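Please take the sequence and the model together. The paragraphs below go through the sheet, the ligand site and some backbone and side-chain details.

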Amino acid sequence: MLVLATDCLQDNRKRGAGKRPELKVLLAAPRGFCAGVRRAIDAVEDALAVHGPPVYVRRPIVHNLQVVRALEAQGAIFVEELDQVPTGSVVLFSAHGVSPEVSRDALRRKLTAFDAVCPLVSKVHREVERHVRDGRRVVLIGHKGHPEIEGTLGHVTGQAAYVINSVDEVDDLALADDQPVAYAVQTTYSADEAAAIIEALRKRFNDLAEPVSSDICYATTNRQNAVRAVAGRADAMIVAGEHFSSNACRLAEVASELCTSVQLVAGPEGLDWSLLPRHGVVGITAAASTPDSTVQSILEALGGRYEIGIEEVETSRESTVFKRLGVS
Ligand code: SF4
């Protein structure tokens, strides 16, 4: 949706913006909301419509403050743990997924719980459960403490937890080389970093079970490919997203491999203008949890200082839509 950007150009002309420096903006596509994020946000809105406010949400439904604030304005109350939810209330779990223990806790507390976990995270849960049943030790490639990894760990029952985040940690795993092992990957992990760690696991373990298809989801893969196509042509990159979003951080890391000036910002107010070129090319992308309105407001801010021309760089098209979560 480039309507606002076009408006910026027209406004610039009206204001005699010919004197402004010219800036070419490369917009990575795809960018922004993925199917799992849309489904999770829809679930909260549907629950508010069906049950009426307040509806409680355990942890940020997706990792974006603007989304959280907008849902709060409609009557959602975000909590860290279920002991903050009054008995008998409606509660939703975030798109990142939860441990089965959280669902059991909701039952004990007599809460009406709906799990807005992304189906692609659920797929990883089912995989690790199968590996546990097959008697394999499960190694998770991901970021310790991230809610998705915490939730997935809850599905790895009856054995020690192994979470690794680097090739070096493969050697440190306290497992025999001939132990039956399986791995799973955080859906928002860097594809390149995962590939290096997986290669090290293959070299170390004789009996390694792998996912049938990559655990890194289509949205992460597509956004990382798109940012790569843009960052190599840009003097500076802007990644729209939160610092606590894994997806956003990985996009910034991928961009940094190809571009020396990369800013990860939640919105235009976070921009460091000194890092943008006086003339030249700026690339923009947005994490899977970032609303399109954030990109539009960044374009508007750029349009206030530059005469901008926009090129959308599309590396793939997405048509994935997940079935709405039933919340009645
Ligand atoms: S980033 Fe991937 S795994 Fe996460 S919600 Fe989106 S589609 Fe699902």
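**Sheet, ligand site and backbone**

Four strands form an open sheet in the order β7-β6-β8-β9, with parallel pairing. At its edges are β7 (162-164) and β9 (208-209), each of which pairs on one side only. Strands here are DSSP runs of E with at least two residues, helices are runs of H or I with at least four residues, and both are numbered from the N terminus. Two strands count as paired if DSSP finds at least two bridges between them. Strands of a sheet pair through backbone hydrogen bonds, either parallel or antiparallel. Strand β6 (residues 137-141) and strand β8 (residues 181-185) are joined in the parallel sense over 5 bridges. Within this pairing, L140 stands opposite A184 in β8.

The model is predicted: local features need pLDDT of at least 70, side-chain atom pairs count only at pLDDT 80 or more, and totals for chains, interfaces and linings use all residues. Residues are numbered from 1 along each chain as its sequence is written, and side-chain values use heavy atoms, with hydrogens and water left out.

Next, the ligand. Which residues are around it? They are C34, G36, V37, C118, L120, V121, T187, T188, C217, Y218 and N247, where a residue is near a molecule if one of its heavy atoms lies within 4 Å of it. Helices α2 (35-51) and α5 (119-133) each supply at least two residues of this shell. By class, the shell has 7 nonpolar, 4 polar and no charged residues. Ala, Val, Leu, Ile, Met, Phe, Trp, Tyr, Cys and Pro count as nonpolar, Asp, Glu, Lys and Arg as charged, and the others, Gly among them, as polar.

Most residues other than glycine have a negative phi, and most peptide bonds are trans. The peptide bond from A29 to P30 is cis, with omega near 5 degrees, and P30 is found in the loop between β1 (22-29) and α2. Another cis peptide bond joins P53 and P54, with omega about 0 degrees; P54 lies in the loop between α2 and β2 (55-58). R59, a residue other than glycine, has a positive phi near 70 degrees. R59 is placed in the loop between β2 and α3 (65-74).

Last, a side-chain contact. The charged end of R305 sits over the ring of W273, 4.0 Å from the ring centre. The criterion is NZ of Lys or CZ of Arg within 6 Å of the ring centre and within 35 degrees of the ring normal.
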